Structure formats: structure tokens, C-alpha cells
Amino acid sequence: MSPAPSDSAAAVRPRATLAITAAATALVTVAYTAPTASLAATAQAAHLGAAGRTWILTGTLVGISALLLTAGSAADDHGRKRVFTSGVLLFAAAEALAALAPGGTVYLAARVLLGIASAAVLAPALGLISHAHPAGPERIRALGIWGASVGLGIAVGPVYGALVQQWADWRAVSGGLALASAAVAACAAVGLTESRAERPRPLDPYGVLTLAAGTALLIAGLAEGRSGWGRPAVLALLAGGVVLLTAFALVEATVREPMLDLSLFRNPGFIAATGGALFTGLSLVGFMSYLPTLLQGVLGLSGLAAGGVLALWSGLSVIAALQARRLAAHLSATTQVALGLLICGLGEAGLYGLTPGSSWLRLAPGLAVAGVGSGVLNAALARLAVSSVPAHRAAMGSGANNTSRYIGSALGVAVTVAVAGTPGPATTADTLATGTDHAVLVAAALCLLGAALTLTTRTAPAPHPASTR
């Protein structure tokens with residue numbers, strides 16, 4: 001893969017590009033995870049009920065998942081810097097709106113807008129990095145650093161949210177992120193160099209509409225299903241999502257210039273990238289997103305303490321992602337994804353046996369192992385997302401990869417809540433501990449299944465000639 005041609009005579013600045021994209025990516029994950037350790041307190045302060053509490057996280061997921069692939073295609077065709085910088089500016093505006101929200105309804109709308117902005121940040125990031133770093137060891141190192149920024153944001157988010165909520169209030173959490181993202185937007189405007197595909201493609205309006213609507217309905221159905229899967233509204237949302245996503249596949253198979261070239265699914269590397277990302281969200285991100293809530297219910301930890309426990313997992317993922325480049329000389333990216341999922345599964349299995357009387361230290365070994373696996377996995381997925389698509393479609397590859405991850409995350413949270421249960425006045429700590437053990441086993445099994453399925457792509461037909469594993 002060679003870098004896509006730049007439409008600017010300005011010199012590319014690899015270090016600045018990596019620093020800006022990594023910082024923005026970390027901000028996205030901080031913003032998503034910040035409410036996880038203080039979800040009940042935030043919902044209460046914003047005058048939101050149980051359904052509103054669910055939508056604090058789900059609203060962002062809807063925006064991200066619905067627009068990621070669209071944002072990636074738009075970035076490749078109309079300018080990666082343009083889409084990225086616009087996304088960071090919109091991110092700042094969404095957080096400012098959340099900070100100034102007069103009530104829960106506006107706050108939830110701001111969270112959906114935050115998801116849309118996050119999609120415009122995440123999708124072009126890997127395209128910008130691959131343009132600034134030619135294929136080889138330097139690109140692998142840069143992608144590892146980007147993968148580490150994902151873990152860094154997850155580590156900082158819950159602790160930041162709980163601390164600011166404790167010292168100030170829920171509005172200050174969003175206000176701080178608005179200021180930080182405005183600074184990143186200024187750096188992006190100065191420090192990034194524009195790049196795009198040599199031959200821009202026309203807009204695929206039917207693909208955009210069917211994908212965005214189908215993904216939004218599917219995730220909304222998963223969120224509402226936590227209160228009962230048999231309700232007509234839930235079934236209608238899920239059915240509508242499946243129908244529209246099927247329509248998206250039919251549209252992409254028939255239009256002349258599809259947003260997502262379905263022939264990429266004949267490429268084993270692309271299958272491993274999207275499938276690995278899906279199982280990462282389903283088995284790992286979904287479970288870990290809900291773990292602070294479970295720790296508060298079972299162990300009686302404060303939001304800040306629960307966020308600190310989760311930081312053991314995500315903090316170690318940062319270190320592992322930074323060192324994962326050393327594996328590139330010995331393992332293909334596909335094998336590295338499978339290895340990461342396997343290690344994560346073993347780590348999650350080590351969380352089994354949580355009881356109300358146990359110490360959080362009981363979880364440390366499993367969280368540490370899962371953290372190492374997560375770092376290996378994040379670095380490998382970034383590497384595959386770029387290398388499994390043609391060079392001029394790098395942002396689209398990133399969008400497809402992250403779409404799979406966030407859809408998987410929505411599924412993973414739904415599965416975890418359904419299996420573990422929801423803390424409440426009528427739920428005892430012992431009952432919740434039993435449910436948590438069941439959720440641990442399900443998450444670990446899904447990790448191992450994902451690892452096995454990823455390895456099967458190694459025996460698939462040869463990749464597309466324009467791609468490389």
C-alpha cells in the first residue's frame with residue numbers, strides 16, 4: 001500500500017498527524033465511557049428515569065454506528081482532514097450542548113449528536129495515519145499508538161467522569177471535554193495535511209439512508225429490549241433494523257459506485273478485520289462497559305472506585321498496544337487478532353467467582369490478562385483495517401471496522417444486561433453476583449468463538465490483489 005495522493009502541496013507531518021488523531025480518538029472514548037461509573041447519579045441529576053439511563057450510553061452508540069461507514073467514505077472522497085476537523089468541531093459543540101442542557105431530553109439529544117461527531121472523528125483517523133506513514137514498521141508502530149489511545153480513553157473516561165461528578169456536577173464533565181476538543185480542533189486545522197482518493201466517487205444516498213436507519217433501529221431495539229424483549233415496540237425496532245440492513249446489502253450489490261464494496265468480503269483480511277471487531281465489541285467492550293455497574297451492585301464500590309478497577313484492564317491495554325508492534329515480524333495481523341481474542345477470553349474467565357464479600361483484588365489477575373489481550377487486539381485490528389482495503393479507501397476500511405465494533409458493543413451490553421441483570425432495590429447482591437458469573441462465562445465463550453472464527457479466515461481464498469494482509 002502506498003499513501004493516497006495529497007491534494008495539498010504542504011508537507012505531511014507524521015508526528016503531528018499521529019498525535020492529533022490519537023488525542024481525538026482518546027477524547028471520543030473518554031466521552032463515551034465517562035458516564036459508565038456514575039450512570040445512576042448522572043441520570044438522577046438530569047432527571048432521567050431507568051429508560052433514560054439506558055439511553056445515556058445507547059444514544060452515543062446510535063450516532064456512532066449509523067454514520068461511521070458514511071463518514072469514512074466521505075473522508076476518502078472529499079478530504080480526510082476536512083471530515084476529521086469538522087467532526088472534532090461538532091464534538092465540541094455536542095459536549096457544550098450537553099453541558100448547557102436544561103434537562104434530560106436535550107442532554108440525550110446531545111449524546112446522539114456526540115455519536116455522530118465521534119463517527120466523523122474515528123472514520124478518517126486511520127486514513128490520515130496511513131497517508132502520513134508509508135507501509136512498513138513506522139506505520140505498524142503508529143497504528144499501535146493509535147490502538148493504545150483507544151485503551152487510554154477507556155481507562156481515563158470512568159475515572160474522569162466520577163471525579164468531576166464528585167467535585168462539581170454532571171455538566172462539568174461535558175464542559176471539560178468541550179474545551180479539550182476545541183483545542184484539538186485548532187491543532188487539527190494547523191497540523192494536518194489534506195488527503196483524499198485520486199478519483200472521488202459520487203454519493204451513495206440509498207446506501208447512506210438504509211445503513212444509517214437500519215443501524216439506528218437495530219441498536220435502539222437492543223437498548224429497549226433490556227426492559228423486555230417481547231414488547232411490540234422492541235420487536236418492531238429489531239425487525240425494521242434487520243430489514244433495512246438487508247436492503248443496504250442489496251443496494252450496495254446493485255449500485256455502480258457502492259459506499260461499501262461487497263467484493264471486499266472475499267478478502268480474508270477484511271473478513272478478519274470486521275469479524276474481529278464485531279466480536280471485540282460483543283465479547284469484550286460490551287461486558288467491560290457494564291462491569292462498573294455490576295461492581296457497584298455486587299461489591300458496593302463507589303463509582304470512582306469501580307472506574308479505578310476498570311482502569312487496571314484498560315491501562316494495561318495501552319502498554320500492550322504500544323508493544324504489539326514487536327509481534328508484527330512474527331505473526332500476521334489475522335493471527336494477532338485471534339491471539340488477542342484468546343487472551344481476552346482467558347482473562348475474562350478469570351473474573352468468575354465474584355461474591356459480595358470478596359475484594360476487588362480478586363479480579364486483578366483476570367483484568368490484567370484481559371488488558372494485555374485487548375492491547376494486542378486493538379493494535380492488530382487497526383493494522384488490518386488499513387491493510388485489508390485498497391490504499392485510497394483507508395478511511396472507509398476504518399469506518400467499516402469501527403461500525404462492526406460499535407454494533408458488537410451494543411449487542412454485548414444487551415447480552416450482559418440480559419444475563420447478569422440490572423442492580424435495583426429488589427435485586428440482592430448475591431443474585432447479581434450469580435448473574436455476573438453467568439455474564440463472565442458468556443463473554444469468555446464469545447471471545448474464544450471469535451478467535452476460532454478469525455483463524456478460519458486464514459484458509460479462505462487469496463485476498464483481493466489491491467490489498468495486503
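## Getting started

Helices here (H or I, at least four residues) are DSSP runs, numbered from the N terminus. This is a predicted model in which local features need pLDDT of at least 70 and side-chain atom pairs count only at pLDDT 80 or more, while totals for chains, interfaces and linings use all residues. Residues are numbered from 1 along each chain as its sequence is written, and side-chain values use heavy atoms, with hydrogens and water left out.

## Open spaces: the pockets

Let's begin with the pockets. On a 1 Å grid over the protein atoms alone, a pocket is an open set of points with protein on both sides within 12 Å along at least five of seven lines, a cavity is a set of points where a 1.4 Å probe fits but cannot get out, and lining residues have an atom within 4 Å of a point. Grid points are joined across faces, edges and corners, and a volume is the space filled by probe spheres set on the points.

The largest pocket has a volume of about 520 Å³. Its lining holds 23 residues, with Leu39, Arg53, Tyr290, Thr293 and Thr422 nearest the centre. At least two lining residues come from each of helix 2 (39-45), helix 3 (50-78), helix 10 and helix 14. The second largest pocket has about 370 Å³, and Leu260, Phe265, Thr403, Ser404 and Ile407 are the closest to its centre among 17 lining residues. Helix 10 and helix 14 are among the helices that each supply at least two residues to this second lining.

The whole structure contains six cavities of 30 Å³ or more. Of its 23 lining residues, Thr29, Val150, Ile154, Val285 and Arg405 are the closest to the centre. Helix 10 provides the largest share of this lining, five residues.

The second largest cavity has a volume of about 100 Å³. Ala34, Pro35, Tyr107, Trp170 and Val173 are the closest to its centre, out of 14 lining residues. Helix 7 gives the most to this lining, with four residues.

Thr454 sits in helix 15 (residues 429-456). Is Thr454 buried or exposed? Thr454 is buried, because its relative accessible area is 4%; buried means under 20%, exposed over 50% and partly exposed in between (1.4 Å probe, protein chains only).

Leaving aside neighbours within four places in sequence, Thr454 is in contact (heavy atoms within 4.5 Å) with Ala272, Gly276, Thr334, Val337, Ala338 and Leu341.
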